[in-house]
Amino acid sequence: MIGAGRAQSDGPPQPMLPARPTPLLLQGQDYVFRAPSGCYDFQEQIHRLEMVEDTGDPEPCVLVLARSADMEMNELSIALAERGIRMARIDVDRCLDLALTIYTDAPLVELDRWLLRPLLVWRRHFELAAMPVDPRTISGAYALDQWGTVAGWLTERTEWAHVNPARATGHLNRLTQLSDATAFGLRTPRTAVTTQPGRSRPGGGQCIVKTAGRHLVEPRPGVQHGLFPRPLDTSRAGDVPEAAPVIVQQYLAADTELRVFVVGDKLIGYQVDKYDPAQLWVDPDNVSVKPAEVPCSLADRLRALARHWRLQVAAFDLLVVDGEYVFLEVNVNCDWRWFEHRAGSSEVSDAVHEWVAVRFGELLAADRGR
């Protein structure tokens, strides 16, 4: 029975398990990103310095759950401040000393000393692995469990609106994406999910190995390791099973790649030219990015998929193979500033800032009309 509290001996020593080979996607992986944990949010700074008068009334706001290094949200904070819209933030890497009270029946949020009424909630990069605790300790496991529950509740509560609502996107894994994209008339590569990649040949030729989960893992808070697509090397894979399933996908020789950001009903495309699947992360200076038109037939399918998945802000990745568009994946927590920087454009940022402001205005008008 749990809580019986009686000490027990450890018993005889357990035999040592044989060491497993390094997973394919970690072999030769040299991408490590160290995420800063300081506060870079404009609105948080000016409120902390008491440069804004507190009226004492609950202030309608956009509530963001993110992490300090989310520069897209730092930029959004400035853009919303320019429009007179309050944005508040809970960062997973700075939440341990946060003064937070949630009044569940109102619903209101007291953040530090500010009383807020969220109308629109956006969760981006709020990954529990980034919380600066040791999950092997009782206090670390406790903090992770509590924050995981509360963050999940905040991102699913129906009293306020959401960007890319978790109820709709929580199960939008790459395999679901591929089957749905096929159903909407898009071509997809032949794909298998396996713990024995050395035995898999979807399509019968060259293949790519991909993660079935996230592109970044964070074994220590603030230190992220990339798990990026790489050609399948059978001499490395052999017959030894992987510790976890991976995606093995048919390699398609592409003329170019296309990243299409969807913001509401607006689509913004970029042509991406690179010589290696992982080059975007390991050698970004030699990746070419330029604005690209999105053909109407493709745009209609992408909009339909975004509506089906209830995505308001996301990014589609596609190959262009002999003039045909091949769907790879959709990225819900998409980052766009790097693409804009490489292409010399701010079109996605402008569209996101405008969409959030307009949506907030609609919600505020409806709230006042109650």
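**Entry 1: terms and model**

I take a salt bridge to be a side-chain nitrogen of Lys or Arg within 4 Å of a carboxyl oxygen of Asp or Glu. I note at the start that this is a predicted model.

**Entry 2: the domains**

I looked up the domain assignment of the chain. Domain 1 covers 35–163. Domain 2 is made of 169–188 + 253–360. Domain 3 is 190–251. I then turned to domain 1 and domain 2. Their C-alpha centres lie 27 Å apart.

**Entry 3: where domain 1 meets domain 2**

I asked how many residues of domain 1 are in contact with domain 2. I found 21 residues of domain 1 in contact with 16 residues of domain 2. The area buried between the two is about 1,700 Å². Carbon and sulfur atoms give 64% of that area.

Next I looked at charges. The count between domain 1 and domain 2 is 3 salt bridges. I also looked up the pair D335 and R124, which forms a salt bridge. Their closest N and O atoms are 2.7 Å apart. For polar contacts, I found 7 residue pairs across the interface of domain 1 and domain 2.

I then asked which elements of domain 1 supply the side that touches domain 2. β2 (59–66), α2 (71–82), β6 (114–123) and β7 (161–163) each supply at least two residues. The largest share, 7 residues, comes from α2. By type, the residues of this side divide into 14 nonpolar, 2 polar and 5 charged.

**Entry 4: salt bridges in the whole structure**

I widened the search. The whole structure holds 23 salt bridges.

I started with R48 and E44. Their side chains meet at 2.5 Å, N to O. Both sit in helix α1 (residues 42–48). They are 4 residues apart there, so about one helical turn separates them. E44 is buried, because its relative accessible area of 15% is under 20%.

I went on to E218 and R67. This salt bridge spans 2.9 Å, N to O. E218 lies in strand β10 (residues 216–220), and R67 lies in the loop between β2 and α2. The pair therefore ties together parts that are 151 residues apart in sequence.

K274 is in the loop between β15 (266–273) and α7 (279–282), while E257 is in strand β14 (residues 256–263). So this pair ties together parts that are 17 residues apart in sequence. K274 is partly exposed, with a relative accessible area of 23%. E257 is partly exposed too, at 22%.

I also noted a network. Salt bridges that share partners join D41, E44, R48, R89, D91 and R94.

**Entry 5: S68**

I picked S68 next. S68 lies in the loop between β2 and α2. S68 is buried, with a relative accessible area of 1%. I looked up its distance to A35.

What does S68 touch, not counting residues up to four places away in sequence? I listed P36, S37, G38, Y40, N74, R89, D91, D93 and R94. With R94 there is a polar contact of 3.2 Å between the side chains.

**Entry 6: L119**

I moved to strand β6, where L119 lies. L119 is buried, with a relative accessible area of 8%. L119 and E59 are 60 residues apart in sequence. In space they are 9.8 Å apart, C-alpha to C-alpha. Leaving out residues up to four places away in sequence, L119 touches P60, C61, W160, A161, F360, L363, L364 and D367.

**Entry 7: N164**

Where is the place of N164? It is in the loop between β7 and α4 (166–169). N164 is buried, with a relative accessible area of 7%. A polar atom of the N164 side chain lies 2.7 Å from the backbone oxygen of V313. Leaving aside neighbours within four places in sequence, I found N164 in contact with W122, T169, R310, L311, Q312, V313 and V332.

Technical notes:
Residues numbered from 1 in each chain as written. Predicted model: local features only at pLDDT ≥ 70, side-chain atom pairs only at ≥ 80, totals over all residues. Heavy atoms only, no water. Domains from an automatic or database assignment. Contact = heavy atoms within 4.5 Å. Buried area = accessible area lost by both parts, 1.4 Å probe. Polar contact = N/O pair within 3.5 Å; in protein donor to acceptor, adjacent residues only side chain to side chain. Nonpolar A, V, L, I, M, F, W, Y, C, P; charged D, E, K, R; others polar. Buried < 20%, exposed > 50% of the residue type's maximum accessible area, 1.4 Å probe, protein only.
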